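Open your viewer and get ready to click.

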Amino acid sequence: MRIKTELKWSDVTPKAAWLSRRQLIAGAGALMATPALAKIDAAKSAYSISDEPNTLEQITTYNNFYEFGLDKGDPARNARLLTTDPWSVKIDGLVDRPGNYDLADLMKDAPLEERIYRFRCVEAWSMIVPWIGFELAHLLNKVGVQPGAKYVAFETLVRPEEMPGQQTAILDWPYREGLRLDEAMHPLTIMATGLYGEAMPNQNGAPIRLVVPWKYGFKSIKSVVRMSLVAEQPQTTWNMQNPREYGFYSNVNPEVDHPRWSQASERRVGAGIFAGRQDTLMFNGYAEQVAGLYAGQDLSKDY
Ligand code: MTE
């Protein structure tokens with residue numbers, strides 16, 4: 001699954017160029033014969049948006065991954081230390097088939113798709129990312145969710161010797177996140193194992209991370225080593241850190257401001273200094289698909 005490549009980030013750029021290169025390679029039948037340019041085989045998805053993705057360089061050099069430091073450039077500098085093979089994910093709690101699953105087993109017969117999604121950070125910047133992944137529902141169905149389960153709790157690896165940020169107490173490690181079961185089972189919710197057609201870069205959460213495109217980016221927990229099916233709403237890192245500023249739901253919502261800044265608009269990373277800000281979309285543009293999950297809830301309270 002994890003395919004090494006000689007391509008440099010700076011060689012790989014917007015989708016048009018990338019697509020044409022891919023078509024060229026595929027057309028020449030050279031895909032298998034040219035391991036340096038091998039791509040993960042993933043189907044296109046009806047859930048993808050048609051916007052131009054950010055460049056691979058933007059997506060891999062402007063990151064939040066506090067396990068590797070606080071600055072946007074720290075993960076790109078420090079995450080190369082992380083060993084991602086072997087990797088296993090513990091699945092426990094209210095499931096029929098709990099266990100310590102090797103990543104390869106977990107991904108066996110997972111239908112990989114390319115999902116081009118909007119990605120909106122709570123800090124009011126955004127990107128378009130061409131993820132590769134599979135629906136979390138596929139995995140949950142495979143392990144068998146028991147009737148008492150109402151939430152999924154996720155945890156990131158703790159390995160301070162490879163994650164220098166964990167040598168300090170900037171957060172209460174492990175990084176934790178959670179979803180309500182219906183959110184976890186929604187077809188837009190994916191476990192991503194790559195982007196731009198290649199294995200997930202370490203700084204973006206290798207080898208496997210959550211992506212929930214209608215929620216603020218901090219919900220999309222990286223480098224996941226544990227998923228627990230639980231009956232009660234789990235504790236989550238940023239909510240524990242500051243419950244007033246970071247709710248459990250954290251759905252992208254232009255009408256509910258962060259206590260310290262407006263969420264009505266956002267800055268598209270890489271748009272250039274003259275581009276101006278753009279309006280934030282309700283549920284990050286995915287309202288049609290997900291608004292129904294919150295029918296009857298007051299989103300200014302359940303923020
Ligand atoms: N997951 C872990 N384990 N640690 C983190 O610090 N940061 C979150 C989220 N997942 C974070 C994490 C935040 S705040 C954002 S905006 C996204 O990852 C950033 O993802 P990206 O770097 O792939 O854009």
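Is Glu245 buried or exposed? First, some ground rules. This is a predicted model, where local features need pLDDT of at least 70, side-chain atom pairs count only at pLDDT 80 or more, and totals for chains, interfaces and linings use all residues. Residues are numbered from 1 along each chain as its sequence is written, and side-chain values use heavy atoms, leaving out hydrogens and water.

**Stop one: Glu245**

Select Glu245. Glu245 counts as buried because its relative accessibility is 10%. Buried means under 20% relative accessible area, exposed over 50%, and partly exposed in between (1.4 Å probe, protein chains only). Glu245 sits in the loop between helix H7 (237-241) and strand S12 (265-268). Helices (H or I, at least four residues) and strands (E, at least two) are DSSP runs, numbered from the N terminus.

**Stop two: the ligand**

Next, select the ligand. Surrounding the ligand are 17 residues, each with a heavy atom within 4 Å of it. The closest are Asn63, Tyr66, Glu67, Arg209 and Lys222.

**Stop three: atom pairs at the ligand**

Zoom in on Glu67. One of its polar side-chain atoms lies 2.8 Å from a ligand nitrogen atom. Then pick Arg209: an N or O atom in its side chain is 2.7 Å from a ligand oxygen atom. Finish at Ser220, where a polar backbone atom is 3.0 Å from a nitrogen atom of the ligand.

Note on methods. Polar contact = N/O pair within 3.5 Å; in protein donor to acceptor, adjacent residues only side chain to side chain.
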